[in-house]
Amino acid sequence: MNQRPSNLLDEALGLVDDGSKAWPLSGRVVLVEDRVETSAAFVLHHLVKRALSPHSSNVVVFLALSQPFSHYDRLLRKLGCNLAAQSENNRFFFLDMLMSEFPDGDEGGLVALYGKIEKVVSSLLQENKKCITIVVDDLSLMEAAANGSSNYVLDFLHYCHTLTSAFGCTLVALNHEDIYLSMERPALILQLEYLADILIKAEPLATGLATDVHGQLTVLNRGMWDGHGSSRNRICNFHFRVKENGVEYFSPGSMA
Amino acid sequence: MAESICRALRDGALEGEHAPALTINDCIASPFGFNVFTHVLTQLSSYILAGKSQSRGLVLVALSRSPSFYVDLLKQRGFDVASSQKWIQILDCYTDPLGWKDRLVESGNIAHLYHEASSGASLCKNVKDMDKLFSSIIELGKGLVGQGKVRFCVAIDLVSEIFRHASISSVAGLLSNLRSNDQVSSIFWLSHSDLHEERVTAVLGYISSMVASVEPFNQSANGQRCNRENLSLLERNYCKGKFHARFKRRNGRVRVMTEEFRIEQSVINFSPLSSEDEMINRSLLPKVQFSLQLSEKEQIDRAKVVLPFEHQGNGKPIEIYDGRRSLADSKNEAAPVAAGVLQTNENSSKGEIIYLRDSDDERPDSDEDPDDDLDI
């Protein structure tokens, strides 16, 4: 069995690309937080690539509020993943939300969006597809589309959460941490952090800018609530460098 | 201390009094309130099954986790779930709290998907209606224990979620009404205190007879950018912390206690505060290029320094050089020019402090002498 050498991010998330293990993110919520100086979009791309690996039968439902399909297609091709082909194979469902706006004072738009997702999930379940990963890029834009109503966004996420507990779906969402920094009580981001089973934070280095290191990732993995007690809370921290065709991860201080 | 809390909930309410109520508070720096909640839930369930508690049943209001999660949890903790419907009822405010699924079914957008047919779960489709919530809880409780004098206890897994949907006064009203209901033996709930304004936490504190808070050992790591130094602090905060409880006595006194907790495989364990953690806190100085601590030799030398005007306490009179004698005179004296008592053994290692008055006309301030405590 060819086991692709995993990188530090895969290790932190328990992702092994040999098809022997069940998708370890099943039933879990992954929150990715980034800042202007350190975009963590690459984490989303990496997770999509892993989910669509040839060894697994995962399906990705991608809610795009930030970029059009062509953007992700181009980026994932550089990582060796053909989104157009996966789309034809019914492994990649792209929900284009770029022009979405939800009417004032009514959560109807988000209810309908949840309805769309649940429809896709139920049809996939009928085809016996077990692992469905729902990706949201990104939540701050969803809040903007909902006219600043973070409550509606949280309601929407709660309903998506019911999909993770009922059907073992994975929910991955990106949010921009620095948008909430000036707020006295950043309720939305705190709510999301409470909801998350895994929190991946992309931040600049504590020492400031560097040419070889673009930032650091901290992965906070809350242990799973299973009776076998196989996992416990883990924190991993490592550095990353964004390259043309991917991202390199390395331990602090080990950059040659 | 955690056991005192569980016992208080187990013993329940006295006739004519409100039921004891526990608020469990946590924060994102130490998000283990849910572990405490499940610990209390498990303990109470054991007491109920053993017939040792005032309550004969438990109504669990599930907002943040599905009913099947709790069924699995009870199974993992050794409870017989087949017969659980006799003593526990779950009000499912998780699956469809706002009626969205119903709306979608009605509009033909989705077929009615798999509905969580968990044992003992009753569905709530409008978590914003406090009156309906109250009556559903009481109804479920009466279904468990019947009418009359037998009581049941109530657990709300996340009161913060209710605050998102209803006003502070209406939620406070719900909790107070539950506490004052004749058939409620005790009630407990979890709140994420950093999600709310201070007045919400204060309101919950007033309604409760016990407030338990989960806090990290070290606050300083939070909010800071991660680096090698605070990573270990973060890791520490992620498996243990402080458990702080406040008990309101009937006579008005408030008893405060603190313990340490540790999370091991989702289970929380409590123990008395260890001094080891105090030592760790003290040793967690920032690692910088200059030394912030004194070596033992440096500490001894510092202790030996004789400060001017400090009384050495060995009965000898203090000799002070007041700057008016000539240096030549002072050389002939046996006593050193510095104030303080001569320590003949340590002449070579001792420093000297030479004080020269600015002028002979200098007078001390009148009235209050700020140097009253010194031997001048």
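Predicted model: local features only at pLDDT ≥ 70, side-chain atom pairs only at ≥ 80, totals over all residues.
Helices (H or I, at least four residues) and strands (E, at least two) are DSSP runs, numbered from the N terminus. Residues are numbered from 1 along each chain as its sequence is written, and chains are lettered from A, with ligands numbered from 1, in the order in which they are written. Local features need pLDDT of at least 70 and side-chain atom pairs count only at pLDDT 80 or more, while totals for chains, interfaces and linings use all residues; side-chain values use heavy atoms, with hydrogens and water left out.

- Chain A holds eight helices and nine strands.
- Of its 256 residues, 55% count as buried; buried means under 20% relative accessible area, exposed over 50%, and partly exposed in between (1.4 Å probe, protein chains only).
- A:Thr170 is buried, at a relative accessible area of 0%.
- Setting aside neighbours within four places in sequence, A:Thr170 is in contact with residues including A:Trp23, A:Leu25, A:Ile132, A:Ile134 and A:Thr164, where contact means heavy atoms within 4.5 Å.
- Among contacts in chain A between residues at least 6 apart in sequence, 68% join residues at least 24 apart.

**Where chain A meets chain B**

- On the chain A side 48 residues are in contact with 50 residues of chain B.
- The area buried between the two chains is about 4,300 Å², and carbon and sulfur atoms give 60% of that; buried area is the accessible area (1.4 Å probe) that two parts lose on being put together, summed over both.
- One salt bridge is found across this interface, and a salt bridge here is a side-chain nitrogen of Lys or Arg within 4 Å of a carboxyl oxygen of Asp or Glu.
- A:Asp155 and B:Arg164 meet through their side chains in a salt bridge (2.9 Å, N to O).
- On the side of chain A that touches chain B, the elements giving two or more residues are α5 (108–126), α7, α8 (187–195), β7 (215–221) and β8 (234–243).
- The most comes from α7(A), with 12 residues.

**Aromatic pairs and charges over rings**

- Over all chains the count comes to 20 aromatic pairs. Rings of Phe, Tyr and Trp (its six-membered ring) pair if their centres lie within 6.5 Å; planes under 30 degrees apart count as stacked, over 60 as edge-to-face and the rest as tilted.
- A:Phe42 and A:Tyr249 form a tilted pair, because their ring centres are 6.3 Å apart and their planes stand at 45°.
- This pair links distant parts of the chain, with A:Phe42 in helix α2 (residues 41–51) and A:Tyr249 in strand β9 (residues 246–250), 207 residues apart.
- A:Phe42 is buried at 10% relative accessible area, and A:Tyr249 is buried at 12%.
- A:Tyr159 and B:Trp100 have ring centres 4.6 Å apart and planes at 5°, so this pair is stacked.
- A:Tyr159 sits in helix α7 (residues 150–167) of chain A and B:Trp100 in helix α4 (residues 100–106) of chain B, so the pair joins two chains.
- Both A:Tyr159 and B:Trp100 are buried.
- A cluster of ring pairs links A:Phe62, A:Phe69, A:Tyr72, A:Phe92 and A:Phe94.
- B:Arg65 lies over the face of B:Phe69, 5.3 Å from the ring centre; a charge sits over a ring if NZ of Lys or CZ of Arg is within 6 Å of the ring centre and within 35 degrees of the ring normal.
- The charged end of B:Arg255 sits over the ring of B:Phe247, at 5.2 Å from its centre.

**Salt bridges over all chains**

- The count comes to 16 salt bridges over all chains.
- A:Lys78 and A:Glu244 meet through their side chains in a salt bridge (2.6 Å, N to O).
- A:Lys78 lies in helix α3 (residues 69–78) and A:Glu244 in the loop between β8 and β9 of chain A, so the pair ties together parts 166 residues apart in sequence.
- A:Lys78 counts as partly exposed at 35% relative accessibility, whereas A:Glu244 is exposed at 59%.
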